[in-house]
Amino acid sequence: MDKQKFQVKVGVAKLSVTLKNLMEDAGTDAPIPLPNMRGATLGTILELLYFIKTEENLQETHTKIHTKLSSLRGQELIDFITAVNFLD
């Protein structure tokens, strides 16, 4: 939608089944276009995936995710849910 670009570590991106499959098809060096997703929404999802991948303390991970999700409102929340369902 807004053509934002993100650089994501392969291990973080592979937490999403859809991104993992796209990387297997296109390779890890090729950009993966997600034209129907807002950059802010994708950024939030990637941030949460990063928390999951890197945080050793499960309680801290849960707290960070809860805090982030609690801040989403209205269309932002709808966009987030739609994007998460797509990214699997």
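This is a predicted model: local features need pLDDT of at least 70, side-chain atom pairs count only at pLDDT 80 or more; totals for chains, interfaces and linings use all residues.
## Handedness of helix packing

## Helix 3 against helix 4

Two packed helices are described by the angle between their axes and the distance between the axes. For helix 3 and helix 4, the latter spanning residues 58-70, the angle is about 170 degrees and the axes lie 9 Å apart. Angles over 145 degrees count as roughly antiparallel, and helix 3 and helix 4 are therefore roughly antiparallel to each other.

On the side of helix 3, the residues that take part in this contact are Thr44, Glu47, Leu48, Phe51 and Ile52, and they meet Thr61, Lys64, Ile65, Lys68 and Leu69 in helix 4. Sorted by type, the residues of the contact of helix 3 with helix 4 comprise five nonpolar, two polar and three charged.

## Helix 3 against helix 5

Helix 3, which covers residues 39-54, also packs with helix 5, which covers residues 74-87; here the axes come within 9 Å and cross at roughly 60 degrees. Helix 3 and helix 5 are therefore oblique to each other.

The contact brings Thr41, Leu42, Thr44, Ile45 and Leu48 of helix 3 together with Asp79, Phe80, Ala83, Val84 and Leu87 of helix 5. The residues of the contact of helix 3 with helix 5 divide into seven nonpolar, two polar and one charged.

Isoleucine 45, when its neighbours within four places in sequence are left aside, is in contact with Phe80, Ala83, Val84 and Leu87. Threonine 41, which has its place in helix 3, is in contact with Asp79, Phe80 and Ala83 when its neighbours within four places in sequence are likewise left aside. With a relative accessible area of 8%, threonine 41 is buried, because buried means under 20% relative accessible area.

## The largest nonpolar core

The largest nonpolar core holds 17 residues, of which Leu34, Met37, Leu42, Ile45 and Leu87 touch the most other members. The elements that give two or more residues to this core are helix 1 (10-13), helix 2, helix 3 and helix 5, and the largest share, six residues, comes from helix 3.

Two of the residues named for this core, Leu42 and Ile45, also belong to the contact of helix 3 with helix 5 on the side of helix 3, while Leu87 belongs to that contact on the side of helix 5.

Helix 2, which runs over residues 17-26, contains threonine 18. Threonine 18 is buried, its relative accessible area being 16%. Apart from neighbours within four places in sequence, threonine 18 is in contact with Phe86, Leu87 and Asp88.

Glutamate 24 is likewise found in helix 2, but glutamate 24 counts as exposed, at 52% relative accessibility. From C-alpha to C-alpha, glutamate 24 and lysine 14 are 9.8 Å apart in space, and they are ten residues apart in sequence.

Proline 33 lies in the loop between helix 2 and helix 3, where it is exposed, with a relative accessible area of 65%. Proline 33 and threonine 63 are 30 residues apart in sequence and 31 Å apart in space, again from C-alpha to C-alpha.

Most residues other than glycine have a negative phi.

Lysine 3 lies in the segment before helix 1 and is exposed, with a relative accessible area of 76%. Aspartate 88 lies in the segment after helix 5, and at 58% relative accessibility aspartate 88 counts as exposed. Aspartate 88 is also one of the residues in contact with threonine 18, a residue that is itself buried.

Methods: Residues are numbered from 1 along each chain as its sequence is written. Side-chain values use heavy atoms; hydrogens and water are left out. Helices (H or I, at least four residues) and strands (E, at least two) are DSSP runs, numbered from the N terminus. Buried means under 20% relative accessible area, exposed over 50%, partly exposed in between (1.4 Å probe, protein chains only). Contact means heavy atoms within 4.5 Å. Axes are lines fitted to C-alpha atoms, for helices over the stretch in contact, and angles run from 0 to 180 degrees between N-to-C directions. Angles under 35 degrees count as roughly parallel, over 145 as roughly antiparallel, 65 to 115 as roughly perpendicular and the rest as oblique. Ala, Val, Leu, Ile, Met, Phe, Trp, Tyr, Cys and Pro count as nonpolar, Asp, Glu, Lys and Arg as charged, and the others, Gly among them, as polar. A nonpolar core is a set of buried Ala, Val, Leu, Ile, Met, Phe, Trp, Tyr and Cys residues joined through side-chain atoms within 4.5 Å.
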